[in-house]
Amino acid sequence: MQTSIDRDSGPPARDRLSRSGAECLPDAAFSLAAWGAGVTLQDAVSTGFSTLYTANEAVTRDGVATLAQSYLHFGFGREASAIAAVYPLADPGLARLAALGRIIDEVPVATPAFGDQHGCLGAVALWAALEAGQLPPLRPEDRIAMTTALRDLPEPLRGQMGLRLARLTLDAGDIEGAQAIMDIGSTARAYGAEGVTSLIADSMAGASAAVSVLQQAQQSGAVVDPASLIALTDAVLQRGEAPPTALFDMVSSARYSLRGTAFAADLARAQMQLLLADGQVAQAKAFLAQPDLGLSPPQAATMGDLLLLAQTDRLSDFAFLGEVLALDPNTIGAIAGNSAAKRLINLGFGEQALALLTPPATGEAMAERRYLRAEAAQMTGRTAVGLAALTGLTDPRAEVLRQALQDPAHAADNATDQAWRRGDWAALANTGDAVLQAVATEITQGPTPADSIATLAQAQAVITQSQAARDMASGLLDRFALPR
């Protein structure tokens, strides 16, 4: 058993060292509740400025600290950091106060101030976690340290920081821990609390329960945080569920009301992904064409790729060709381009696939693109292009493609397959395959006008022709996959 006095005095014991071996900072460095207790912000700031200078107008360390601590107590993080910046003194304590201000107002920094404090069991545990933006694997005592530090914060700040800690806890998969934090006073009343509550409900009972939480919040007059809607949408999409209609309506309404704000583009992305998840590909295309989505060119390109991926996966062959052949290959991302090119290859459109595979790519997308280029080159008879794409690749897939490019017999079989897929009946009529020749001849000649059946011999002839047609169809089904 220890008290805070024990922890803050004397040499550091083993349990006063962080995971990295650094000495844990004392609880006294984080006594935000005591730094402005019993006074108003105006009085606290006035007191701070009165002690800022000495008689000979020298800036005092205590004056700067008092001002910064007063701002921190009332939740003004940027102001506390600004005070430390306006009066720069080489003092570790003042640097920590400035760091607390940045954490409160979520100002990103290159080098974390408390990065070496993870694993400490004092008040610093809370601030180290908030600064990192994620929770490491926690022991029960770590959770106790963070929640204890949270309960000791001033009430307005407790709600703000508690909400962020609950989000981090939920992201770490600790649903019960997140719920316990939300039950701490002030947290459940903070702006955006209904969003975290909805995510907890989503984890426990699914999307419908989460949407119900948000609807109840709206009915009670609360303004639903758009970040909460986006987070809930992402959770539903990640699980691959059919999105509830109510969620779509809420996202759509929020996007319309927040046009021109920083949330507009994120809500537009969420709305389009909900449309695609619900199978509304045509509606998603129309939505993307709207001029008021507030998308930057990179964001618009990303959403265009999402649309193309959905079109490639879901549209019929005819509809897919109508969409993809009208696109500029230079406006398509690598992953979406690869997916569309692969389907074009399967449909026999090698030249068009090569056009999609021409723009540069990187990483895994580029690796896959080399194989697809070889496949498209094989279809179009561009042996040199295909072999060049496979240069340096020695895996089984590359070897099969390399052999196919160099094997004339395989190339002839492949040409027949592609001619069938393209509907090139003239080419099929010249093959050595009797079934394909018969089909091509029938199609190029067109249907024979039907005569009335007057005799038994004519009826027998019709039956014979029907049987021949069934045999021909069976032969085709054995050779080729049905088109979509």
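Trainee: So a crossing is left-handed if the near helix is turned anticlockwise from the far one by less than a right angle, and right-handed if clockwise. Which hand do α5 and α6 have where they cross?

Mentor: Their crossing is left-handed. Bear in mind that this is a predicted model.

Trainee: At what angle do the axes of α5 and α6 cross?

Mentor: Roughly 55°. Helix α5 covers residues 92-104 and helix α6 covers residues 124-132, and their axes come within 10 Å.

Trainee: Which residues make the contact?

Mentor: From α5, take Leu 100, Ile 103 and Ile 104. From α6, take Trp 127, Leu 130 and Glu 131. Sorted by class, that contact of α5 with α6 has five nonpolar residues, no polar ones and one charged.

Trainee: How many residues of α6 are buried?

Mentor: Eight of its nine, which leaves α6 mostly covered. The buried stretch is Val 124, Ala 125, Leu 126, Trp 127, Ala 128, Ala 129, Leu 130 and Glu 131.

Trainee: What do the buried residues of α6 pack against?

Mentor: Three helices: α5, α7 (140-151) and α8 (155-171).

Trainee: And what comes just after α6?

Mentor: Gly 133, with a positive phi of about 75°.

Trainee: Which residue other than glycine has a positive phi?

Mentor: Glu 106 is one, with phi near 55°. Most residues other than glycine have a negative phi. Glu 106 sits in the loop between α5 and α6.

Trainee: Is Glu 106 buried or exposed?

Mentor: Exposed. Its relative accessibility is 57%, and the cut-off for exposed is over 50%.

Trainee: Which residues have the most contacts inside the largest nonpolar core?

Mentor: Phe 30, Leu 32, Leu 100, Phe 114 and Trp 127. That core has 71 residues. Another core lies apart from it, with 30 residues, including Leu 344, Ile 345, Leu 347 and Ala 376. In soluble globular proteins, nonpolar side chains tend to be buried together.

Trainee: Zoom out for me. How many helices and strands are there?

Mentor: The protein chain has 26 helices and zero strands. It runs to 484 residues, and buried residues make up 40% of them.

Trainee: What share of the contacts join residues at least 24 apart?

Mentor: 57%, counting contacts between residues at least 6 apart in sequence.

Trainee: New pair. How do α2 and α3 pack?

Mentor: Helix α2 (residues 41-50) meets helix α3 (residues 61-73) at about 165°, and the axes are 8 Å apart. An angle over 145 counts as roughly antiparallel, so that is the label for α2 and α3. Their crossing is left-handed.

Trainee: Who meets whom there?

Mentor: On the α2 side: Leu 41, Ala 44, Val 45, Gly 48 and Phe 49. On the α3 side: Gly 63, Thr 66, Leu 67, Ser 70 and Tyr 71. The contact of α2 with α3 has six nonpolar, four polar and no charged residues.

Trainee: Now some single residues. Is Arg 402 buried or exposed?

Mentor: Buried, at 17% relative accessibility. The cut-off for buried is under 20%. Arg 402 belongs to helix α22 (residues 396-406).

Trainee: What does Arg 402 touch?

Mentor: Leu 387, Leu 390 and Leu 393, leaving out residues up to four places away in sequence. Also, Arg 402 and Glu 375 are 27 residues apart in sequence, and their C-alpha atoms are 9.5 Å apart.

Trainee: Where is Ser 198?

Mentor: In helix α10 (residues 193-205). Ser 198 is buried, with a relative accessible area of 0%. Beyond four places in sequence, Ser 198 contacts Ala 210, Val 213 and Leu 214.

Trainee: Last one. Where is Ala 265, and is it buried or exposed?

Mentor: Ala 265 is in helix α14 (residues 264-277). It is buried, at 9% relative accessible area. Set aside neighbours within four places, and Ala 265 contacts Leu 293, Gly 294, Leu 295 and Gln 299.

Trainee: How far is Ala 265 from Ala 300?

Mentor: They are 35 residues apart in sequence and 9.2 Å apart in space, C-alpha to C-alpha.

How values were computed: Residues are numbered from 1 along each chain as its sequence is written. This is a predicted model: local features need pLDDT of at least 70, side-chain atom pairs count only at pLDDT 80 or more; totals for chains, interfaces and linings use all residues. Side-chain values use heavy atoms; hydrogens and water are left out. A nonpolar core is a set of buried Ala, Val, Leu, Ile, Met, Phe, Trp, Tyr and Cys residues joined through side-chain atoms within 4.5 Å. Buried means under 20% relative accessible area, exposed over 50%, partly exposed in between (1.4 Å probe, protein chains only). Helices (H or I, at least four residues) and strands (E, at least two) are DSSP runs, numbered from the N terminus. Contact means heavy atoms within 4.5 Å. Axes are lines fitted to C-alpha atoms, for helices over the stretch in contact, and angles run from 0 to 180 degrees between N-to-C directions. Ala, Val, Leu, Ile, Met, Phe, Trp, Tyr, Cys and Pro count as nonpolar, Asp, Glu, Lys and Arg as charged, and the others, Gly among them, as polar. Angles under 35 degrees count as roughly parallel, over 145 as roughly antiparallel, 65 to 115 as roughly perpendicular and the rest as oblique.
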